[in-house]
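Here is a brief report on one protein model. It starts with charge, then turns to fold and packing.

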Amino acid sequence: LREHGIHPKKFLGQNFLQDPNFLEAIVRDAEIGSQDGVVEIGSGLGHLTDPLSAKAGHVWAFEIDPELYDLSSQLLGVRENVTMINLDGAEFADHIDPGIYSKLKIVSNLPYSDYQRILIRLLACKHPLESYTLMLQRDVYDKFRAKPGTREYGPLSVLLQATCEIRFLRKAKPSLFFPRP
């Protein structure tokens, strides 16, 4: 980032997960296989795109920041099974063609600043989705799992609990990110 004069943009929620072991664990958690099409929202520098592309049939990596899109495209190089797209990932459904992939999965480290809007778009997707493996801050997960009558319980809790199986998979320490959240 420093070499290219790029600084993380707080308003876009840019905290880059950089631990290769944790990234590989996310791919294992998502149970990615060669028959899967994967959508990654907020591909950043391609740290997660890289291990996803090693397992998936195809990866559509969305990055809204033009500077990061250009840099990650360079860093990842030409990969036949990766389509880099410089757009808002919430709009992914209009820009992919799952085609031959029998399973379409979402794998993403969602930005805290915009997770609600993106999540609602994911749930309204016109394509059949098999799973969502999402990295979110703990307080967001707690809202999703909130019980009726609690302060955290709200419309998003109701929607997610009615339509999804919500599971906590692992905790990421702030030291795994740059900059630290």
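The protein carries 21 positive and 23 negative side chains, and the centres of the two sets lie 8 Å apart. Lys and Arg count as positive, Asp and Glu as negative; His and the chain ends are not counted. Each charge is placed at NZ of Lys, CZ of Arg, CG of Asp or CD of Glu.

The model is predicted: local features need pLDDT of at least 70, side-chain atom pairs count only at pLDDT 80 or more, and totals for chains, interfaces and linings use all residues. Residues are numbered from 1 along each chain as its sequence is written, and side-chain values use heavy atoms, without hydrogens and water.

Six helices and seven strands make up the secondary structure. These are DSSP runs (helices H or I, at least four residues; strands E, at least two), numbered from the N terminus. Their order is β-α-β-α-β-α-β-β-α-β-α-α-β.

| Property | Value |
|---|---|
| C-alpha span of the protein along its principal axes | about 50 × 40 × 30 Å |
| Buried share of the 181 residues of the protein | 43% |

Buried means under 20% relative accessible area (1.4 Å probe, protein chains only).

Helix α4 covers residues 115–123; Y115, I118, L119 and L122 are buried there. Their arc around the axis is only 100°, so they sit on the same side of α4. The arc is that of the directions from the helix axis to the C-beta atoms. The buried residues of α4 pack against β2 (36–41), β5 (103–109), β6 (131–135), α5 (138–144) and α6 (155–163). Contact here means heavy atoms within 4.5 Å.

Technical notes:
Buried < 20%, exposed > 50% of the residue type's maximum accessible area, 1.4 Å probe, protein only.
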